[in-house]
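Trainee: I would like to learn how to read a helix and the spaces in a protein model. Can you take me through one?

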Amino acid sequence: MKIFGIIPARYASTRFPGKPLARIGDRTMIRRVYERCLACRDLDELAVATDDERIGQEVASFGGKVILTSPDHASGTERCGEAARLIKARPGDIVINIQGDEPFIHPDQVSQVAGLFRNKEVEIGTLVKRIASPEELFSPHTVKATFDIQHRAICFSRQALPYCREAVPEQWLSSTAYYKHIGLYGYRAGILQQLVKLQPSPLEKAESLEQLRWIENGFRVHVALTDRDSLSIDTPADLLKITNTDGF
């Protein structure tokens with residue numbers, strides 16, 4: 001079994017065109033993500049999957065591996081699926097989908113997802129972190145996750161889940177545990193090829209959350225708890241906040 005780390009990256013982001021090439025200090029965002037993932041000893045191979053020659057040239061300039069993919073993919077999962085086919089990943093291999101807009105991803109988080117697959121029953125793996133602030137709990141931009149006692153996801157939602165009936169919302173965090181989803185995924189390569197053939201589902205369309213498509217179609221998503229947060233760069237304003245507060 002091999003573990004492939006794949007970083008899907010596209011240039012034509014609606015909210016932040018050219019985002020992977022945005023500079024954070026002396027390096028581009030995609031380079032920062034790549035170099036942090038190189039520090040993960042659990043990965044057998046690491047590559048950036050992109051449809052854009054400019055991103056490909058940047059990755060090649062610092063010695064990274066590039067997989068050129070179709071421009072027609074609707075999600076990072078689809079891009080990872082094509083990349084996995086191109087590198088001839090076997091059904092039992094593991095593909096870890098690493099977000100290209102999280103320049104502070106920690107290698108331990110990648111290892112945590114990889115470690116889930118020691119359990120042969122795991123088809124898809126991801127991370128969750130306990131929510132500590134009301135701002136996160138009630139923000140639609142923070143995806144919440146619920147899971148069973150075997151750490152299999154029950155639901156993901158932009159709403160605060162569960163609804164705490166016996167307390168007012170201001171007391172929810174002190175009444176029960178809430179978890180945010182960290183958008184790092186691992187898949188068995190054979191399962192990944194099944195996922196990319198699925199059609200969008202009703203819950204997915206309602207919440208705009210791709211992982212609900214998998215659950216609605218009967219796939220199991222196992223979660224591991226992390227105490228590390230994630231920080232994605234979605235807009236130029238997000239990048240400005242980073243450069244103003246983190247010394248870059």
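This is a predicted model: local features need pLDDT of at least 70, side-chain atom pairs count only at pLDDT 80 or more; totals for chains, interfaces and linings use all residues.

Trainee: Which residues of helix α2 are buried?

Mentor: General idea first. An α-helix has 3.6 residues a turn, so residues three or four places apart point the same way. Helices here are DSSP runs (H or I, at least four residues), strands likewise (E, at least two), numbered from the N terminus. Buried means under 20% relative accessible area, exposed over 50%, with a 1.4 Å probe and protein chains only. In α2, residues 53-61, the buried ones are I55, G56, E58 and V59. They sit on the same side of α2, because they cover an arc of only 160 degrees around the axis. That arc is taken from the directions from the helix axis to the C-beta atoms. The face turned away from the buried side carries exposed Q57 and S61.

Trainee: What do the buried residues of α2 pack against?

Mentor: Look for contacts, meaning heavy atoms within 4.5 Å. The partners are β1 (3-9), β3 (27-28), α1 (29-38), β4 (45-50) and β5 (66-68).

Trainee: What is found just after α2?

Mentor: Check the backbone there. G63 takes a positive phi of about 85 degrees.

Trainee: How many cavities of 30 Å³ or more are there?

Mentor: On a 1 Å grid over the protein atoms alone, a cavity is a set of points where a 1.4 Å probe fits but cannot get out; a pocket is an open set with protein on both sides within 12 Å along at least five of seven lines; lining residues have an atom within 4 Å of a point. Grid points are joined across faces, edges and corners, and volume is the space filled by probe spheres set on them. The count is 1 cavity of 30 Å³ or more. The largest cavity holds about 40 Å³. Its lining includes F4, E45 and I87.

Trainee: Which residues lie nearest the centre of the largest pocket?

Mentor: R15, Q99, D101, S232 and D234, out of 43 lining residues. The largest pocket holds about 1,800 Å³. β10 gives the largest share of its lining, 4 residues.

How values were computed
Residues are numbered from 1 along each chain as its sequence is written. Side-chain values use heavy atoms; hydrogens and water are left out.
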